[in-house]
Number of protein chains: 2
Amino acid sequence: MKIGVIGGGQLGRMLALAGTPLGMSFAFLDPAADACAQALGEHVRADYNDNEHLRQLADNVDLVTFEFESVPAETVAFLSQFVPVYPSADALRIARDRWFEKSMFKELGIPTPAFADIQSQADLDEAVARIGLPAVMKTRTLGYDGKGQKVLREPADVSGAFAELGGVPCILEGFVPFTGEVSLVAVRARDGETRFYPLVHNTHTNGILQLSVASTDHPLQAQAEDYVARVLEKLDYVGVLAFEFFEVDGGLKANEIAPRVHNSGHWTIEGAECSQFENHLRAIAGLPLGSTAKVGESAMVNFIGEVPSTAKVVALDGCHLHHYGKAFKPGRKVGHATLRCTDRASLEGLIDQVQGLIQS
Amino acid sequence: MKIGVIGGGQLGRMLALAGTPLGMSFAFLDPAADACAQALGEHVRADYNDNEHLRQLADNVDLVTFEFESVPAETVAFLSQFVPVYPSADALRIARDRWFEKSMFKELGIPTPAFADIQSQADLDEAVARIGLPAVMKTRTLGYDGKGQKVLREPADVSGAFAELGGVPCILEGFVPFTGEVSLVAVRARDGETRFYPLVHNTHTNGILQLSVASTDHPLQAQAEDYVARVLEKLDYVGVLAFEFFEVDGGLKANEIAPRVHNSGHWTIEGAECSQFENHLRAIAGLPLGSTAKVGESAMVNFIGEVPSTAKVVALDGCHLHHYGKAFKPGRKVGHATLRCTDRASLEGLIDQVQGLIQS
């Protein structure tokens with residue numbers, strides 16, 4: 001089976017590493033000459049709206065999936081004429097737009113921070129009056145890793161903020177005094193079977209994920225699974241989806257979903273019986289889903305900007321290097337380590353050791 | 001770091017799957033148009049004695065390794081002029097020739113079946129008189145998976161046997177009434193550090209490996225490690241080496257070595273902390289070695305001729321499919337499953353289930 005992937009970054013690369021042993025082959029459509037997934041498959045170098053190359057990809061593969069959600073709706077619609085596409089155009093349309101996304105959460109009874117649609121500075125002023133400060137303003141589409149957003153702390157931050165974010169449609173979200181950030185990675189098969197990985201505790205710095213630690217018997221697991229199941233069913237979703245939540249007052253408030261394999265699920269490569277990458281491929285290929293159970297205690301440390309010395313990383317027992325083969329650049333995700341230990345205390349020690357390599 | 005691999009079959013493919021996350025890239029020299037490793041790296045399509053292409057490979061990579069031992073000595077010598085080659089020309093020279101190999105075992109005090117060098121029918125007649133029947137006659141070089149050998153059970157089998165195996169240099173080995181076949185996979189770093197995986201019980205059918213089961217606290221582990229260490233030191237070996245033994249009267253007799261990653265070590269992909277593939281690459285790249293400890297109880301079932309239905313294989317919890325992407329052909333190794341369970345009884349049940357898929 002040949003899989004077409006829109007995007008050829010590290011997520012595409014890790015999909016191919018998981019799918020090749022299943023007998024799958026891969027083609028990646030990505031405009032970047034140095035797209036790092038190309039080491040593992042064909043590289044169709046073209047823009048995401050280049051219909052000629054999209055058609056060429058569609059004719060050459062059995063199905064198409066995505067490694068990021070900011071795909072133009074027209075791209076998905078165009079591809080869907082010629083080849084099965086997972087997740088569906090509808091799921092992508094909603095996930096790529098924070099207004100549609102939050103509105104869906106509300107409709108499904110999933111708690112969210114207060115939010116408002118912002119089409120102008122007047123909308124913003126009115127929403128701030130209603131929701132209060134502090135609040136976070138985010139572009140409805142195309143934001144990631146803390147980009148395309150602005151924290152509004154006091155009235156002075158509000159004036160001119162709409163223009164500052166480019167005068168594009170935005171969403172205003174009330175600030176949530178969260179005690180933690182967690183995410184749930186789930187996978188849903190074509191036949192509707194759904195499985196969930198354990199909740200993951202995430203730590204961000206400057207809007208970029210630094211550390212994910214898989215939990216054991218988290219008291220909010222069942223609550224999170226219920227919320228995620230509502231979304232998966234609503235979207236008739238096929239594949240892996242990640243749902244990020246704020247922990248507030250011992251409960252969950254929805255932050256956002258990512259309709260794809262997700263950075264907070266990278267620990268599953270060595271830390272779960274079947275990784276998020278393999279499970280995404282199994283789901284879209286119509287294969288039985290794999291076990292989402294943990295193997296030992298596991299965490300993931302991101303390498304941002306550069307990967308520490310390979311010799312030092314691999315010298316740590318229980319530490320598995322995942323180098324993305326990308327050029328090093330400040331703020332860029334260029335690799336991660338999956339940590340797997342038999343007990344929690346060892347895991348915490350290992351997290352410290354790996355983070356020590358980053359700072360040194 | 002870019003690694004050149006002589007041979008582009010499944011071993012090269014699995015080396016690349018293990019090395020890509022370490023940030024390595026790969027080039028495979030293989031004359032076959034459909035060499036299955038090419039999905040994961042550059043394919044230099046050329047014969048093994050094509051010096052022009054060997055030179056092109058050498059100039060394009062940081063070091064060269066091998067996925068099989070039947071490489072012409074001239075190939076290794078030629079490459080060694082331009083690029084570091086692991087394992088060394090000397091190790092390959094000995095491992096590819098059963099006479100050199102057995103003579104080395106004898107020199108190192110490692111028990112072997114009785115053996116004799118056969119250069120003619122007269123040599124054979126004399127050796128049979130000395131060693132007795134039954135005995136096994138094998139070509140000194142190029143034999144594998146039961147090819148290039150003949151079992152001599154009675155005097156009638158002896159006459160004309162030399163011509164029957166092609167009139168090429170052979171070795172005669174006394175038949176060993178073994179109770180089991182085990183192998184030890186070891187890895188030795190550039191600085192001499194050596195690690196051993198647990199002994200593996202192997203089951204062959206028609207000379208082809210069918211099943212490998214990793215042992216726990218095998219009573220012959222220390223003995224096997226001692227023998228393998230002697231060989232590794234003698235050859236100043238760098239990389240992974242597999243040593244196959246016969247279990248006889250509660251002790252070990254040397255069968256043969258393979259100077260490379262080995263089919264009986266495939267279980268390590270999911271079954272050990274660091275796989276034989278990653279450890280081979282770590283060794284030749286001068287990186288610290290990884291842990292050879294088991295993760296749970298593990299085994300490997302080979303898929304010969306064809307891979308059973310992917311859906312049926314992946315439906316079994318604890319069963320990890322490794323499809324080599326090769327055309328199906330009777331007698332050809334086209335994939336394997338790594339089985340990993342928490343306890344031995346579950347593992348045995350799972351082995352039966354997987355073998356059931358093959359027979360059905």
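# Briefing: interface, cavities and local geometry

Between chain B and chain A there are two salt bridges. The structure is a predicted model. The contact between the chains involves 26 residues of chain B and 26 residues of chain A.

**Interface between chain B and chain A**

- A salt bridge joins the side chains of B:Glu273 and A:Arg340, with an N to O distance of 3.2 Å.
- Polar contacts between chain B and chain A number eight residue pairs, with both residues at pLDDT 80 or more.
- On the side of chain B that touches chain A, the elements giving two or more residues are α1 (10-19), α12 (310-314) and β16 (319-323) of chain B.
- Of that side of chain B, β16(B) supplies the largest share, with four residues.
- By class, the residues on the side of chain B that touches chain A are 13 nonpolar, eight polar and five charged.
- About 2300 Å² is buried between chain B and chain A, and carbon and sulfur atoms give 58% of this area.

**Largest cavity**

- The lining of the largest cavity consists of 34 residues.
- Nearest the centre of the largest cavity lie A:Ile269, A:Glu270, B:Leu17, B:Ile269 and B:Glu270.
- From chain A, the elements that give two or more residues to this lining are α1 (10-19), α10 (268-271), α11 (276-285) and β16 (319-323).
- From chain B, the elements that give two or more residues to the lining are α1, α10 (268-271), α11 (276-284) and β16.
- The lining of the largest cavity divides into 20 nonpolar, six polar and eight charged residues.

**Backbone geometry**

- Most residues other than glycine have a negative phi, and most peptide bonds are trans.
- In chain A, the peptide bond from A:Tyr86 to A:Pro87 is cis, and its omega is near -10°.
- A:Pro87 sits in the loop between α3 (73-80) and α4 (89-95) of chain A.
- In chain B, the peptide bond from B:Tyr86 to B:Pro87 is cis, and its omega is near -5°.
- B:Pro87 sits in the loop between α3 (73-80) and α4 (89-95) of chain B.
- A:Asp217 is not a glycine, yet its phi is positive, at about 50°.
- The loop that holds A:Asp217 runs between β12 (208-214) and α9 (221-234) of chain A.

**Salt bridges in the whole structure**

- Side chains of opposite charge can pair when their charged atoms come close.
- Over all chains, the structure holds 38 salt bridges.
- One salt bridge is formed by the side chains of A:Glu107 and A:Lys234, at 2.8 Å from N to O.
- This pair links distant parts of the chain, with A:Glu107 in helix α5 (residues 98-107) of chain A and A:Lys234 in helix α9 of chain A, 127 residues apart.

Definitions and conventions. Residues numbered from 1 in each chain as written. Chains lettered and ligands numbered in written order. Predicted model: local features only at pLDDT ≥ 70, side-chain atom pairs only at ≥ 80, totals over all residues. Heavy atoms only, no water. Contact = heavy atoms within 4.5 Å. Buried area = accessible area lost by both parts, 1.4 Å probe. Salt bridge = Lys/Arg side-chain N within 4 Å of Asp/Glu carboxyl O. Polar contact = N/O pair within 3.5 Å; in protein donor to acceptor, adjacent residues only side chain to side chain. Nonpolar A, V, L, I, M, F, W, Y, C, P; charged D, E, K, R; others polar. 1 Å grid on protein atoms, 1.4 Å probe; cavity = no way out; pocket = protein on both sides within 12 Å on 5 of 7 lines; lining within 4 Å.
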